[in-house]
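Work through the exercises below with the sequence and coordinates open. Each task is followed by a solution in steps.

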Amino acid sequence: MGLGWIRGPYPAFGRSLAWALGVPAAAYNFSVVEEGRIYRSARPDARFLEWLQRTHGVSHVLGLAGRDPVHDVAAGLGMEVSTWAWSAGRLPPPSELDDVVSRLAGDEPLLVHCASG
């Protein structure tokens, strides 16, 4: 069951509702890019990170919207965390693009997130 009538990412109440309905992925604008390897979402929270680790084996978080306190939670769960402060209004530096591409080419399951997914 999805919550397509309201587009994620949801504010706190919407996230609570999505968890209660058993569809947490909808609340974070979550999608599978490559099953078992690459996932994308809006900015996660602790509960969503735990769910990703348990259900998809995510072990690395790539944050494209800059450093966020939730990255400390990810590290506490044993996840590797890499962050960049990218913006839709400008191109990222080539070295940062190379870094992201090399991580995407790896073998570990990872989440790529920005503010909205």
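Two strands pair if DSSP finds at least two bridges between them; helices (H or I, at least four residues) and strands (E, at least two) are DSSP runs, numbered from the N terminus. This is a predicted model, in which local features need pLDDT of at least 70 and side-chain atom pairs count only at pLDDT 80 or more, while totals for chains, interfaces and linings use all residues. Residues are numbered from 1 along each chain as its sequence is written, and side-chain values use heavy atoms, with hydrogens and water left out.

**Exercise 1. Determine the strand order of the sheet and the sense of its pairings.**

Solution. 
- Step 1. Five strands form an open sheet, with mixed pairing, in the order β1-β2-β5-β3-β4.
- Step 2. β1 and β4 (80-83) are the edge strands; each has a single partner strand, so one side of each is left without a neighbour in the sheet.
- Step 3. From one strand to the next the twist averages 20 degrees (axes are lines fitted to C-alpha atoms, for helices over the stretch in contact, and angles run from 0 to 180 degrees between N-to-C directions).
- Step 4. The pairing of β1 with β2 (residues 38-41) is antiparallel, over three bridges. Serine 31 has arginine 40 of β2 as its bridge partner.
- Step 5. β3 pairs with β4 in the parallel sense over four bridges, and glycine 63 stands opposite threonine 83 in β4.
- Step 6. β3 also pairs in the parallel sense, over four bridges, with β5 (residues 110-113). There, leucine 111 in β5 is the bridge partner of valine 61.

**Exercise 2. State the handedness of the unit made by β3, helix α4 and β4.**

Solution. 
- Step 1. Apply the criterion: a crossover is right-handed if, with the strands pointing away from the viewer, the path from the first strand over the helix to the second runs clockwise.
- Step 2. β3, α4 (residues 70-76) and β4 make a right-handed β-α-β unit.

**Exercise 3. Which residues of α3 are buried, and what covers them?**

Solution. 
- Step 1. Use the cut-offs: buried means under 20% relative accessible area, exposed over 50%, partly exposed in between (1.4 Å probe, protein chains only).
- Step 2. Phe48, Leu49, Trp51, Leu52 and His56 are buried in α3. Down the helix axis they fall within an arc of 160 degrees, so they line one face of α3; the arc is that of the directions from the helix axis to the C-beta atoms.
- Step 3. Their cover includes α1 (12-21), α2, β2, β3, α4 and β5, where contact means heavy atoms within 4.5 Å.
- Step 4. Alanine 46, in α3 (residues 46-56), is partly exposed at a relative accessible area of 32%. Not counting residues up to four places away in sequence, alanine 46 touches Val70 and Val73.
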